[in-house]
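Me: I have a structure to read and would like to go through it feature by feature. Please give the general idea each time, then the case at hand.

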Amino acid sequence: MQWDSKLELGIESVDNQHKTIIERIHRLEIALDSQATSVSYQRMIETHDFLHYYVAAHFREEEEMMAQGNYPELEAHKDRHRSFEMQLAQLRIDLDNSGLMSHAAAQLINYLSKWFITHIQTEDPKYALYLNSCNIRARRLLPTASPANAGVADNVISKKHGLESSPHI
């Protein structure tokens with residue numbers, strides 16, 4: 001799973017957050033494809049924990065923008081977000097119960113990858129067009145990862161939620 005400029009919504013902060021999320025899901029895929037070692041398992045857990053908090057904050061930011069613009073499909077969009085968050089939580093349960101190489105973990109990572117890309121391609125453009133027509137802009141709640149601030153998002157999320165920051169995430 002890789003970022004593609006075709007996924008851009010035209011809302012810079014949201015696009016940058018989407019890039020960060022896609023990169024982290026890709027890291028889950030890499031960890032899954034690597035040999036089952038304690039290091040790859042730990043990286044998967046750290047990446048999952050980062051995603052858990054970052055995705056939740058990202059979704060709240062999107063929802064706040066939609067609420068500001070009185071987006072008519074806000075509740076349905078929130079339901080889709082909650083569904084993704086539940087699947088992400090289920091992945092952690094599967095990892096804790098079955099370990100890195102479980103079939104369930106592989107299926108869930110595949111699901112998360114497909115869901116997120118499909119959501120960005122089909123659902124997010126609807127609100128982006130609507131909000132752009134209302135001249136609503138994103139309020140940055142999250143740092144975005146870029147070469148210039150690599151690690152900043154990790155540190156903010158880690159400090160806020162008591163997680164150890166890791167350069168391997």
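Me: What span does helix α1 reach from its first C-alpha to its last, and what is expected?

Reply: Helices (H or I, at least four residues) and strands (E, at least two) are DSSP runs, numbered from the N terminus. The expected span of a helix is 1.5 Å times one less than its number of residues. Helix α1 covers residues 12–33, 22 residues in all, and reaches 31 Å, close to the 32 Å expected. This is a predicted model, in which local features need pLDDT of at least 70 and side-chain atom pairs count only at pLDDT 80 or more, while totals for chains, interfaces and linings use all residues. Residues are numbered from 1 along each chain as its sequence is written, and side-chain values use heavy atoms, with hydrogens and water left out.

Me: Is α1 mostly covered or mostly open?

Reply: Buried means under 20% relative accessible area, exposed over 50%, and partly exposed in between (1.4 Å probe, protein chains only). In α1, 16 of the 22 residues are buried, so that helix is mostly covered. Over the chain of 169 residues, 47% count as buried.

Me: How many helices and strands are there in the chain?

Reply: The chain has six helices and zero strands.

Me: Which residues have the most contacts inside the largest nonpolar core?

Reply: In soluble globular proteins, nonpolar side chains tend to be buried together. A nonpolar core is a set of buried Ala, Val, Leu, Ile, Met, Phe, Trp, Tyr and Cys residues joined through side-chain atoms within 4.5 Å. The largest one here has 27 residues, and F84, L91 and F116 have the most contacts inside it. Two or more residues come from each of α1, α2 (38–68), α3 and α4 (103–122). The largest share, eight residues, is from α4. Apart from this core lies another of eleven residues, including M65, M66, Y71 and L74.

Me: Where is H77 found, and what is it in contact with?

Reply: Contact means heavy atoms within 4.5 Å. H77 is found in helix α3, residues 74–98. Leaving aside neighbours within four places in sequence, H77 is in contact with E62, M66, H119, E123, D124 and Y127. H77 has a relative accessible area of 1%, which means that H77 is buried.

Me: What is the mean pLDDT of the chain, and where does pLDDT stay under 50?

Reply: pLDDT is the predictor's confidence in each residue, from 0 to 100. The chain has a mean of 77, and 74% of its residues reach 70 or more. Over residues 140–169 pLDDT stays under 50.
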